[in-house]
Amino acid sequence: MTAMSDNSIAPVRRWTGFGLLGKGLFIAYLALMLAWLLFPIILVLLASFQGKLEVTLSASDFGFEAYKSIPPAYWEAFWFTIRTALSATLLALLVAVPAAWGMVRGKLKGHRLLSNLVLIPDVVPQLILGIALLTVFIPLHLANSFAGVLLALTALSLSTGLRFTEALLTGLPDEYEQAANTLGANRLTTFRLITLPLIAPGLAIAALFIFMQNLVTFELLYFIAGPNASPVSVRLFSDIVDRGVLPYAVAMAGILIYVAIAFYTIVAIVLGPKYMAGSVMSRKG
Amino acid sequence: MLHRKESHSQAVHINRIRKTFGAFQAVQNFTLDIEAGEFVTFLGPSGCGKSTTLKILAGLLPQDSGEIRFGDRRIDMLPPNKRNIGLVFQNYALFPHMTVAENVAFGLRMRGWASKDKKARVDQLLALVRLEGLANRRPEQLSGGQQQRVAVARALAFEPDLVLLDEPLSNLDAKLREQVRLDLRDIQRSARQTTVFVTHDQVEALVMSDRIVLMNAGKVEQVGTPVELYATPATEFGARFVGANNLLKAKLAAGGAAVSATVDGLAQPIPLTTVSRQIGGTDIWCCIRPEHIRIGHVDSSSSKFEARVVDKVYQGTTVLIDFEIPGIERLRAERPASEAERISTGDTVQIGFERTHAVARQPAD
């Protein structure tokens, strides 16, 4: 109360010593957390312009040599990864959306059991899935092929996709669909004109997460990949194990970061910031 | 239907609808005939089965048994999109990704109207609900009252056989609600649209309806005009639920030609005019509406009492006054504020009511 002067009318919030100290500590805490999260990414980006992991800060060390020296086999692996990751994302959502709709809206018996079952691939170590898929894929001649990698990624994506779409549909009140129904729309039309547009923003975020996950999946693909089907994560791993950290490997890691940032930015621009921060999954009416 | 003489609306026949949820009987033998163009309200407390009946009419919930016809057309086995009904939801359920015009046109679009006719019809409806100029807004840009009117326009647009309103006023503030319920009634009348309105608010029901279906615990208690329901409630539930009422526990006593009620604890009997033939036995409730209790000079044919003022509640135009009479703990009167000014808590005054205003009702079991 001593801080109040006689002629003050409105109560004014004043910083006390403890208040300022608290605020300072909180800012430091946030800065440390961000540094911890972003440090590896920044290190890789800096290293990619210097061609080595021992980063210096002298300007003369910066250059594009590492990027220029990326061999064609790496680019092949990169495009292979982009193709499989995108296809698996689309395929998974194509399967997941109708399945989730049936589970949530169809009031399917055993729906809870089912939605827990589909979570299992997500929580079982990918290593185990990889070995299991390999034993199936070898007799089917799917190991070391585009189709094999695509199927493996789709299995993983489907689990995430179902979880997302199930949450999206549960969060969407029945009334919109019921209203469309009473106005004369059949189930399919209702789904096309009402349900799908209303969950579209959430689906875009789901696609973003699934695509990112596919981009960097390693353990699962390690078993299925081969010379004919080599995703960039597997290629990087085997090269680094065999030959150490090569400049172009660091550059390729940098490119993966750009792809992730670009994809995130596109989704953020399309949806607007209110859907991104805090991941609000369903559109509010 | 707005500028035509003939209404598109149909008579609705509901025959012995039943619905149970496990052991709970939500609706028991609901039977009702609604005339074309009539405004019928399902009134009752929550859990009385009114919303379940509405959902069954809409096709959103299957009934266990029973039959529904629109005119000659049996519709109870059809899915909602084949019934041709307009439903206004409690929270309106306007499509957030469509404009006002697209929302109103949705039913027309589903019926394959040409875009020129569609536009004309949407304009006509928006004029009816006084929302011209807002056609290109999104629902989130509208106030609650405007959203409600869009929902009504959307439900009326395609000339439905029946319009269902599911407590559409409950999300509006008190002032707006009064305005909107009159608007809604006017729209319904000018469109001559068969309408079923569901509410728990007895004032809304009295103001808006041609007929009221009073429901309790899955059963129909009484069907009648607002005046019938208010003046001659058929049951104890009706007497308690519709309007305020004083219920005095009494026994019927026939003395010669006149019938009277002997109220427990009260020396003097209360004369009654008519007693419904439905009453069997002598146990009754003697019901007197608060607005029928007078203070001061009371004519000779009335029941008169010396009463002490226990409490006064000011309500603006009227004042609620609670009286204590020897033998009766509490009798509530509602008087104009100007009249109530003259008395204060603790006073002893003479009160009374005319014999026609004392009504006997059979107690519920």
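1. How many helices and strands does the secondary structure of chain B come to? The tally is 9 helices and 20 strands. Keep in mind as you look around that this is a predicted model.

2. Chain B has 365 residues, and 41% of them count as buried. If you take the contacts in chain B with a separation of 6 or more, 66% of them join residues 24 or more positions apart.

3. Is α4(B) mostly covered or mostly uncovered? Mostly covered: 10 of its 13 residues are buried. The buried residues run from Gln147(B), Gln148(B), Arg149(B) and Val150(B) through Ala151(B), Val152(B) and Ala153(B) to Arg154(B), Ala155(B) and Leu156(B). So what do they pack against? Their partners in chain B are β6 (85–88), α2 (100–110), α3 (115–128), β7 (162–166) and α5.

4. Now for some backbone angles in chain B. As background, most residues other than glycine have a negative phi. Arg192(B) has a positive phi, near 45°. You'll find Arg192(B) in the loop between α5 (174–191) and β8 (195–199) of chain B.

5. Ala217(B) sits in the loop between β9 (211–216) and β10 (219–224) of chain B. With 14 C-beta neighbours inside 10 Å, Ala217(B) counts as partly exposed.

6. Over in chain A, have a look at helix α3(A), residues 72–105. This helix has 34 residues and spans 49 Å from its first C-alpha to its last, close to the 50 Å expected at 1.5 Å a residue. Just after α3(A) comes Lys107(A), with a positive phi of about 45°.

7. Chain A also has a helix pair to check. Helix α7(A) (residues 146–171) and helix α9(A) (residues 187–216) pack at an angle of about 155°, with their axes 10 Å apart. The two helices are therefore roughly antiparallel to each other, the cut-off for that label being over 145 degrees. The crossing of α7(A) with α9(A) is right-handed.

8. Which residues make that contact? From α7(A) come Leu153(A), Ser157(A), Thr160(A), Gly161(A), Phe164(A), Thr165(A), Leu168(A) and Leu169(A). From α9(A) come Ile199(A), Gly202(A), Leu203(A), Ala206(A), Phe209(A), Ile210(A), Gln213(A) and Asn214(A). By class, the residues of this contact divide into 9 nonpolar, 7 polar and no charged.

9. Last, the place where the chains meet. The contact takes 16 residues from chain A and 18 residues from chain B. On the side of chain A that touches chain B, the elements giving two or more residues are α8 (174–182) and α9 of chain A. Which element gives the largest share of that side? That is α8(A), with 7 residues. Sorted by class, the side of chain A that touches chain B has 8 nonpolar, 6 polar and 2 charged residues.

Definitions and conventions
Residues are numbered from 1 along each chain as its sequence is written. Chains are lettered from A and ligands numbered from 1 in the order in which they are written. This is a predicted model: local features need pLDDT of at least 70, side-chain atom pairs count only at pLDDT 80 or more; totals for chains, interfaces and linings use all residues. Helices (H or I, at least four residues) and strands (E, at least two) are DSSP runs, numbered from the N terminus. A residue is buried if 20 or more other C-beta atoms lie within 10 Å of its own, exposed if 12 or fewer, and partly exposed in between; C-beta atoms are placed from the backbone. Two residues are in contact if their C-beta atoms, placed from the backbone, lie within 7 Å. Axes are lines fitted to C-alpha atoms, for helices over the stretch in contact, and angles run from 0 to 180 degrees between N-to-C directions. Angles under 35 degrees count as roughly parallel, over 145 as roughly antiparallel, 65 to 115 as roughly perpendicular and the rest as oblique. A crossing is left-handed if the near helix is turned anticlockwise from the far one by less than a right angle, and right-handed if clockwise. Ala, Val, Leu, Ile, Met, Phe, Trp, Tyr, Cys and Pro count as nonpolar, Asp, Glu, Lys and Arg as charged, and the others, Gly among them, as polar. The expected span of a helix is 1.5 Å times one less than its number of residues.
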